[in-house]
Amino acid sequence: MSRIWDQLDSHHTGVKDRSILSLFDQPNRAAQFSAQLGEMVLDFSKTNLDDEGLALLLQLAEASDVAARRDAMFAGAPINETEGRAVLHTALRDLDASVVVDGEDVIPGIKATLDRMDAFAEDVRTGRFTGQGGAITDVVNIGIGGSDLGPVMATLALSPWHDGPRVHYVSNVDGAQIAETLKGLDPTTTLVIVASKTFTTIETMTNADTAKVWMATKVSDPSAQFAAVSTAADKTAAYGIDPSRVFGFSDWVGGRYSVWGPIGLSLMLAVGGPVFRRFLAGGAMMDRHFQEAPLAENLPVLLALVGIWHHQICGYPSRAVLPYDQRLARLPAYLQQLEMESNGKRVAMDGSDLPRVSGPIVWGEAGTNGQHAFYQLIHQGTGVVPCEFLVAAKGFEDDLTHHHQLLVANCLAQSEALLRGRSLAEATAIMAKKGLTGAELDRQARHRVFPGNRPSTVLAYPQLTPEVFGAIVALYEHRVFVEGVILGINSFDQWGVELGKELATALEPVMRGEAGTEGKDGSTAMLVNFLRRA
Ligand code: F6P
């Protein structure tokens, strides 16, 4: 293993200064450095990878036992070793499989819950289930992290199919969010979903309590308009939610991987069961590809290897996810949890220090908005940010195809600009044409130089249908998995979120003035005193 890492390092040293554009002298480069699944194509030819680099990365994947770890995951082995759990979000979308955990096939239970969700969603959508004031007009999903980001992203992504009640999301414990959300709603026609895997998350439970008080202002039995999604049936019962409106799942579904099951209830209420199942089918299609395609043609594996190349080998600290698809505007936020909570670790599975840096910083924004904000840095800043573009061949606004053509042109132009750049000679010629000469020409031209040679990938797909959307989300899930396996990380725990939670719990009574700041560092004590004054 370490030999392959060393070979990759020396390969990089040998090629790091070459022109990526020159690699296109090889006529079939674009075809060779891209991979297809159905009509979806991942083009990674505008990176500095060549045959040798890719071969070494594939060797790394082989030597890391990616295929065996993948098979263990799908089979329900307890690969989340620090929590002693299987990792089976894939089972939520492969309803024809048989997956045995602790001697029991889990698929019948998944199907039964999905059917219950379907029936409940239909009841709400058709007005059979009502609030005290009549048919449900609004759904408020209260959850945070994985109990929010996936459904939020998916509800926007599948908005062309949104024909159910309006859906609102409340995640932040900042009262501003729940207050602003509930302000315009009628408690008598609102359904509240409390979505929390553990049903203990302080932000979610605080918001749920507030929603209950709000509902009680107009509704005699607020709990009757509450549903819950959780692994903790005892806690949902103690909260007073009738079991008929509680949708459970097992601890082998990680929070950030949970949109495929009951945590997706708000999405199902918006788009209906059949569309939700099409989303699942898209994820299952990517699962099959991930399981069956050779590593060298496997989209999640290739995307992971490009990620490893850019972060662990080239040393680029972050990657930008840039969907030229407004309906994927929340994908970057979703991926921040998926990627950084999964692979932002410092020790390997066995507790030893990681020999390499772990996962990168992930950020991004929908195109073209980003172009008018941070692309300046991407093109001319001193650091390199590998960019991952996503774009559809077709939008949904049939009378606005000129918008879509402009959108696609911008996406491809950005990728091309990053590759080509603009040399000093080109910039000088442009400014000379404008009449500049001498030192001023030189000065102005230098500001207009684009170094180029900056890597990007493009994921292109026909249209953001439920199937394509499901496939994209599963693609990224498996990409994170493969990167985690290669780095020796447990991608399925998240101990790094614990300390802040503990300290916040301890600080709450201090903020209420019921405890002092003894033992606190000087900065925290000063800030407590400043903020308590208000
Ligand atoms: O932030 C930590 C975390 O545990 C995430 O992993 C999870 O998605 C989120 O909190 C919410 O947890 P729960 O669904 O249990 O409320």
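**Cysteines and the ligand shell**

Visitor: Does Cys314 count as buried or exposed?

Guide: Buried means under 20% relative accessible area, exposed over 50%, and partly exposed in between, with a 1.4 Å probe and protein chains only. Cys314 has 15% relative accessibility, so it counts as buried.

The model is predicted: local features need pLDDT of at least 70, side-chain atom pairs count only at pLDDT 80 or more, and totals for chains, interfaces and linings use all residues. Residues are numbered from 1 along each chain as its sequence is written, and side-chain values use heavy atoms, with hydrogens and water left out.

Visitor: How many disulfides does the whole structure contain?

Guide: Cys387 is itself buried, with a relative accessible area of 1%. The sulfur closest to that of Cys387 is in Cys411, at 10 Å, too far for a bond. Across the whole structure, the number of disulfides found is zero.

Visitor: How many residues of the shell around the ligand are charged?

Guide: A residue is near a molecule if one of its heavy atoms lies within 4 Å of it. Among the 14 residues around the ligand, those that come nearest include Ser147 and Thr198. Asp, Glu, Lys and Arg count as charged. In this shell, two residues are nonpolar, nine are polar, and the number of charged residues is three.

Definitions and conventions. Disulfide = S-S within 2.5 Å.
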